[in-house]
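I opened the notebook to write down what I looked up in this structure. The entries follow the order in which I checked things.

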2 protein chains.
Amino acid sequence: MRTKRSVQKEAIIEYLKSVDTHPNADEIYDNVRKKVPDISLGTVYRNLKKMTQSGEILRIGFDDGGGRFDGNPKPHYHFNCVKCLRVYDIKIPYIDELDERISKITENSIHGHTLMFRGVCKNCKSKD
Amino acid sequence: MRTKRSVQKEAIIEYLKSVDTHPNADEIYDNVRKKVPDISLGTVYRNLKKMTQSGEILRIGFDDGGGRFDGNPKPHYHFNCVKCLRVYDIKIPYIDELDERISKITENSIHGHTLMFRGVCKNCKSKD
DNA sequence: ATGAAAATGATAACTATTACTATTTTAGTA
DNA sequence: TACTAAAATAGTAATAGTTATCATTTTCAT
């Protein structure tokens, strides 16, 4: 299935690359609608799914529910504030040694890992 | 709200402690019904939620969908096979230094982290 | 044994996501 | 530039997982 371009798809990517807030499908829908007013939510989901499968974007599985998306497909880490629920990028390099270590111990083929920190962010701490 | 015991709740815990398969709510429901035939699915969800919030069990957020539960509340790591979709426990100690490192870099309060490896498990590899 | 608080079963409701389908758009080719 | 098959879309229905509601039952301190 040779993929074809569409203004909808490109608007979604453009929006995702422009933010670092890790929006969910609804937030993406609301924002992309500003540029493409009659895009449908189904189109947003369809494209998010394809782009996730092709590795163009990342889907962040959340311990308590719906998916969030990240326009940066390079593996990196996240921090989830339990108060404001925001997800922040963590700026440390990907730790290859973890994969190597688990690969040796388990004899599984390790493709990668996801690492999510949890706690209270700087901003929320100062609001006490 | 002083919590009270119930046979349903105790059957759920007992089942969860007896397996290491990280079942989802439906699998828990099906199995607990063998001992408590007329338990309802809502009761299963209600108890899983409460126990997760109290820290008695763990909920494992899955990158592609529903929640799975782990009767072992001690933080530990997981491996998710992309072929058979099973979730295995990874037997390495929790890495406190990660939390300390991120704590220093971000000035957030770090409560902990979750680490999920992804790949093809030994069993599935041998089936090729 | 009593009664207030908590838990339950049954069902409805809700949220996130996917499937369906008729129509529109894309892009390769004449 | 017009033609056409494949791909993508909008709109809507359907599904899956989960939570809410509420009348009834169970728990447990007194």
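Before reading any strand pairing, I noted the rule that two strands pair if DSSP finds at least two bridges between them. Helices (H or I, at least four residues) and strands (E, at least two) are DSSP runs, numbered from the N terminus.

I looked up one bridge: the partner of B:Tyr77 in β4(B) is B:Ile90. Strand β3 (residues 77-81) of chain B and β4(B) run antiparallel and are joined by 4 bridges.

Entry on the model. I am working with a predicted model, in which local features need pLDDT of at least 70, side-chain atom pairs count only at pLDDT 80 or more, and totals for chains, interfaces and linings use all residues. Residues are numbered from 1 along each chain as its sequence is written, while chains are lettered from A and ligands numbered from 1 in the order in which they are written.

Entry on the sheet. I followed the open sheet through its 6 strands and found the order β4(A)-β3(A)-β5(A)-β5(B)-β3(B)-β4(B), with mixed pairing. At the edges I found β4 (87-90) of chain A and β4 (87-90) of chain B, each pairing on one side only. From one strand to the next the twist averages 30°. For angles I noted that axes are lines fitted to C-alpha atoms, for helices over the stretch in contact, and that angles run from 0 to 180 degrees between N-to-C directions.

Helix α4 (residues 96-106) of chain A packs on the sheet and touches β5 (109-120) of chain A together with β3, β4 and β5 (109-120) of chain B. The direction of this helix makes about 125° with that of β5(A). I took contact to be C-beta atoms, placed from the backbone, within 7 Å. Helix α4 (residues 96-106) of chain B also packs on the sheet, touching β3 (77-81), β4 and β5 of chain A together with β5 of chain B.

Entry on the two chains. How many bridges join β5(A) to β5(B)? I found 11, and these two strands run antiparallel. A:Leu115 has B:Leu115 as its bridge partner in β5(B).

I then looked at contacts: 28 residues of chain B are in contact with 28 residues of chain A. On the side of chain B that touches chain A, β5(B) gives the most, with 12 residues. By class, that side of chain B has 12 nonpolar, 9 polar and 7 charged residues. The classes are Ala, Val, Leu, Ile, Met, Phe, Trp, Tyr, Cys and Pro as nonpolar, Asp, Glu, Lys and Arg as charged, and the others, Gly among them, as polar.

Entry on symmetry. I laid chain B on chain A with an RMSD of 0.1 Å, by a turn of 180° and a shift of 0.0 Å along the axis. The two copies are thus related as by a two-fold rotation axis. The superposition is by least squares on the C-alpha atoms of residues with pLDDT of at least 70 in both. Of the residues of chain B, B:Leu115 comes closest to the rotation axis, at 2.3 Å (C-alpha).

Entry on the DNA. I counted as near any residue whose C-beta atom, placed from the backbone, lies within 6 Å of the strand. Around DNA strand C there are 28 residues, of which A:Gly42, A:Gly67, B:Ser6, B:Gln8 and B:Thr43 come nearest. The residues of this surface divide into 6 nonpolar, 13 polar and 9 charged.

Key
Contact = placed C-beta atoms within 7 Å.
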